[in-house]
Amino acid sequence: MSLLSDLRLRGLIHQTTDDEGMDQWLQERPRTVYAGFDPTADSLHVGSLLGLVVLRRFQQAGHKPIAVVGGATGMIGDPSGKSDERNLLSKEALAQNVAGLGEQMRKFLDFDCGSCSAELVNNFDWTGQWSYLEFLRDVGKNFPVNVMLAKDSVKSRLGRSDEGQSGGMSYTEFSYMLLQAYDFVHLNEKFACELQAGGSDQWGNITAGIDLARRMNSVQLRGLTWPLLTKSDGTKMGKTESGTVWLAAERTSPYQFYQYWINVEDADVGNCLRMLTELNQGEIEALEVARENEAGKRESQRRLAEEITRLVHGDEGLSVAQKATEIFFGAEISDLDDSQLRQIFADVPSKQLAKTRLTDGGLAIVDALVEAGLSKSKGEARRTVEQGGAYVNNRRVEGIATQLTAEHLASETVLVLRSGKKKYALLRFE
RNA sequence: GGGGGGUUACCGAAGCGGUCAAACGGGUCAGACUGUAAAUCUGAUGGCUAUGCCUUCGCAGGUUCGAAUCCUGCACCCCCCA
């Protein structure tokens, strides 16, 4: 199956500049394709996943992917789809972010495989060189304002100009499109890049780049967009009550990441499997059937979580996430050492207490719950225990009189407390 | 400026001299059920060294053997008349 028909089948194609010819064009010879990534944080998040996955597929099909980090455009802010003007970032912060993103991209793209090696470039490297006058002369001249005003991203903002300070659009933001358009021209000149891919909200920017290349260099470039990945309730993927789901393990632990996918709604999981994983059509269909017959097993979610977590955090990250899942959902805790426990419970609050608290008859379970922050008062702790909601190392505590001693330690120094179904805390005795 | 009503625990809201740590509903926390879903059901819900003790009913005083409940003053809120 050709790359493009596979992408189509997976629902990854929203629009192309060349519906009839592109498939053929891609099969003729290896092409160079680029997609942009937002550098407003030092980590990518679930929202960037689609772009990475698409570039990865292009590379697997023998094409050369370029990931462009918008160091320059990030300083300005893309108006597309944003209701308000974005905060500007300092140069230093951007440089740091760009470095972080590159690290994560290595998991998706091969940067060392000869002619189709991926490239990571920062558009600040070329955009930063421009003088204002040069830019106006060489680039700005090619942008008819009336065409720009007709773009949806601009129109929607101008319509709000009477709504006080947040309405309207600054000249800086208005210029964003020019910068991004020039990126395409530059990449075409330097890497012979002929195709830009992006989310459907990027269509306007992509076509602007194609127009500019035609005017400046008389070349015909191409564009392709993927649909925005949204949930069945219309909200964005990748957000939880506690915030964004990041790809960096320091920001979102592998366990939390894995759990995010495990908890995807039935209505969304099919889309996610098709768009984000590399499972083939047959496997995806089999999961679909399984989902209809035995929805309760949630095999699709499990598979989805497994695939994506492996891609982002590697086999090791996946196995920690799975082990943690097993434990967080009731498996008794045994045969684990300090470092394993710490890794698994990385997200869980912990408190250090003196080792001596465990000697001399031990530490009352009620006090332990309060110390660990699982109960606000001893009364509340007592209630929890009496109602059967307190667990030590995932074993239910029987009786209010329980005293914790060294025998209750799960590993050398750590004891795992739990209140209710999911609230955990660690006590470290050192 | 005058008249009336209000202020109760996390929130809403009963209580109007002892049996009030204070009904009821929501929330929250546990438990059961379940698909790590939704719904439902059950229990708990001021603190503690705990069959008792301590601190709470806007704030400060007072009456009384005894006050969330009565009286006085103060603060804030709402309504009506100027």
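Which residue's side chain does a polar contact of 2.8 Å join to that of Thr 413? The points below take up this contact and several others.

1. On the basis of the note: this is a predicted model, in which local features need pLDDT of at least 70 and side-chain atom pairs count only at pLDDT 80 or more, whereas totals for chains, interfaces and linings use all residues. Residues are numbered from 1 along each chain as its sequence is written, chains are lettered from A and ligands numbered from 1 in the order in which they are written, and side-chain values use heavy atoms, with hydrogens and water left out.

2. On Thr 413: the partner is Asp 338, whose side chain is joined to that of Thr 413 by a polar contact of 2.8 Å (a pair of N or O atoms within 3.5 Å, where within protein one must be able to donate a hydrogen and the other to accept it, and residues adjacent in sequence count only if both atoms are side-chain atoms). Thr 413 sits in the loop between strand E13 (403-404) and strand E14 (414-419), with helices (H or I, at least four residues) and strands (E, at least two) taken as DSSP runs numbered from the N terminus. Thr 413 is buried, at a relative accessible area of 16%, where buried means under 20%, exposed over 50% and partly exposed in between (1.4 Å probe, protein chains only). Beyond its neighbours within four places in sequence, Thr 413 is in contact with Asp 338, Arg 342, Leu 427, Arg 428, Phe 429 and Glu 430, contact being heavy atoms within 4.5 Å.

3. On the domains: the assignment for chain A gives domain 1 (3-226), domain 2 (239-329) and domain 3 (347-429), with bounds that come from an automatic or database domain assignment. The C-alpha centres of domain 2 and domain 3 are 31 Å apart, and the contact takes six residues from each of these two domains.

4. On the interface of domain 2 and domain 3: the buried area is about 440 Å², with carbon and sulfur atoms giving 54%; this area is the accessible area (1.4 Å probe) that two parts lose on being put together, summed over both. Of the area that domain 2 buries against domain 3, Ile 327, Phe 328 and Phe 329 supply 75%, more than any other three residues. Across this interface the rule finds four residue pairs in polar contact, both residues at pLDDT 80 or more.

5. On helix H16 and Ser 300: Ser 300 is found in helix H16 and is buried, with a relative accessible area of 2%. The side chains of Ser 300 and Arg 291 are joined by a polar contact of 2.7 Å, and Ser 300 also touches Val 269, Leu 273 and Leu 287, residues up to four places away in sequence not being counted.

6. On helix H13: eight of its nine residues are buried, so that H13 is mostly covered. Among the buried residues are Tyr 255, Phe 257 and Trp 261, and what covers the buried residues of H13 includes helix H3 (49-60), strand E7 (239-240), helix H14 (266-276) and H16.

7. On the cysteines: the structure holds zero disulfides, a disulfide being a pair of cysteine sulfur atoms within 2.5 Å. The sulfur of Cys 116 is 3.3 Å from the closest cysteine sulfur, in Cys 113, which is too far for a bond. Cys 113 is partly exposed, with a relative accessible area of 31%, whereas Cys 116 is buried, at 16%.
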